[in-house]
Amino acid sequence: MNNYRIMPEGSRWTETTATSAEMAYRSICSWYGTKTRIAVMNTATGEMVTFTRQLDKAGNLVEVVKE
């Protein structure tokens, strides 16, 4: 498990523990709009990835988009 800093666009950052950056994103993404860009940084390595997501018309997750 790694520690990640979650930084939503226009909001405060938080920290979480997860097995990957995508899993860290998935743990908090439901609190933000689908088009909100959320940066996820591995606190040990400094590697940063930005994610958004796509939902279908019923609100089900279709895809996590890594930018």
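Five strands make up an open sheet with antiparallel pairing, in the order β2-β1-β3-β4-β5; strands here are DSSP E runs of at least two residues, numbered from the N terminus, and two of them pair if DSSP finds at least two bridges between them. The edges are β2 and β5, each of which pairs on one side only. On average, neighbouring strands of the sheet are turned by 30° against each other, direction ignored, with axes fitted to C-alpha atoms and angles running from 0 to 180 degrees between N-to-C directions.

A word on the source: this is a predicted model, where local features need pLDDT of at least 70 and side-chain atom pairs count only at pLDDT 80 or more, while totals for chains, interfaces and linings use all residues. Residues are numbered from 1 along each chain as its sequence is written, and side-chain values use heavy atoms, leaving out hydrogens and water.

Let's follow the pairing. β3 and β4 are joined in the antiparallel sense over 4 bridges, and I38 has F51 in β4 as its bridge partner. β4 also pairs with β5, again antiparallel, over 5 bridges, and L55 stands opposite L61 in β5. The hairpin of β4 and β5 has 5 residues between the strands, and there G59 takes a positive phi near 90°.

Now turn to helix α1, residues 21–28, where A21, A24, Y25 and I28 are buried (under 20% relative accessible area, 1.4 Å probe, protein chains only). Seen down the axis of α1, these buried residues fall within an arc of 100°, so they line one face of the helix; the arc is that of the directions from the helix axis to the C-beta atoms. What covers the buried residues of α1 includes β1, β2, β3, β4 and β5, with contact meaning heavy atoms within 4.5 Å.

Terms used:
Buried < 20%, exposed > 50% of the residue type's maximum accessible area, 1.4 Å probe, protein only.
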